[in-house]
Amino acid sequence: MSETTPDRVQATFEGQPIEADAGASIAAALIGSGRQAWRTTREGKQRGLFCGIGVCFDCLVEVDGESGQRACMIPLAPGMDVRSHGGEQ
């Protein structure tokens with residue numbers, strides 16, 4: 001992974017590096033890193049991006065210690081610490 005530039009942003013998901021174009025959402029960075037699901041429901045069903053517009057809440061993540069954040073609505077920021085929500089993926 002290259003250094004963060006004005007055109008690219010680096011962060012981590014579960015301690016692993018992720019990267020996306022500047023302005024891209026956390027969900028876009030996760031999908032771009034090969035992840036299609038990053039949390040599970042209480043019943044164990046995988047969840048990731050579904051609607052992509054902040055309506056369904058399937059893409060919830062923890063961002064810098066704040067849980068319940070919609071990955072599709074938050075732009076990836078340099079150094080952001082993103083973690084799964086409701087289970088490990």
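I took helices (H or I, at least four residues) and strands (E, at least two) as DSSP runs, numbered from the N terminus. This is a predicted model: local features need pLDDT of at least 70, side-chain atom pairs count only at pLDDT 80 or more, and totals for chains, interfaces and linings use all residues. Residues are numbered from 1 along each chain as its sequence is written, and side-chain values use heavy atoms, with hydrogens and water left out.

Entry: elements. I read the chain along its sequence and found the pattern β-β-α-β-β-β-β-β. That gives one helix and seven strands.

Entry: sheet. I looked up pairing, where two strands pair if DSSP finds at least two bridges between them. Five strands form an open sheet with mixed pairing, in the order E2-E1-E7-E5-E6. I noted strand E2 (16-21) and strand E6 (66-70) as the edge strands, each pairing on one side only. From one strand to the next the twist averages 40°, with axes as lines fitted to C-alpha atoms and angles running from 0 to 180 degrees between N-to-C directions.

Entry: E1 and E7. Strand E1 (residues 8-13) pairs with strand E7 (residues 81-84) in the parallel sense, over two bridges. I checked Thr 12 and found its bridge partner in E7 to be Asp 81.

Entry: burial and surface. Of the 89 residues in the chain, 37% are buried, meaning under 20% relative accessible area (1.4 Å probe, protein chains only). The chain exposes about 5,100 Å², and carbon and sulfur atoms supply 47% of that; the areas come from the Shrake-Rupley method with a 1.4 Å probe.

Entry: contacts. I counted a contact as heavy atoms within 4.5 Å. Among contacts between residues at least 6 apart in sequence, 40% join residues at least 24 apart.

Methods
Buried < 20%, exposed > 50% of the residue type's maximum accessible area, 1.4 Å probe, protein only.
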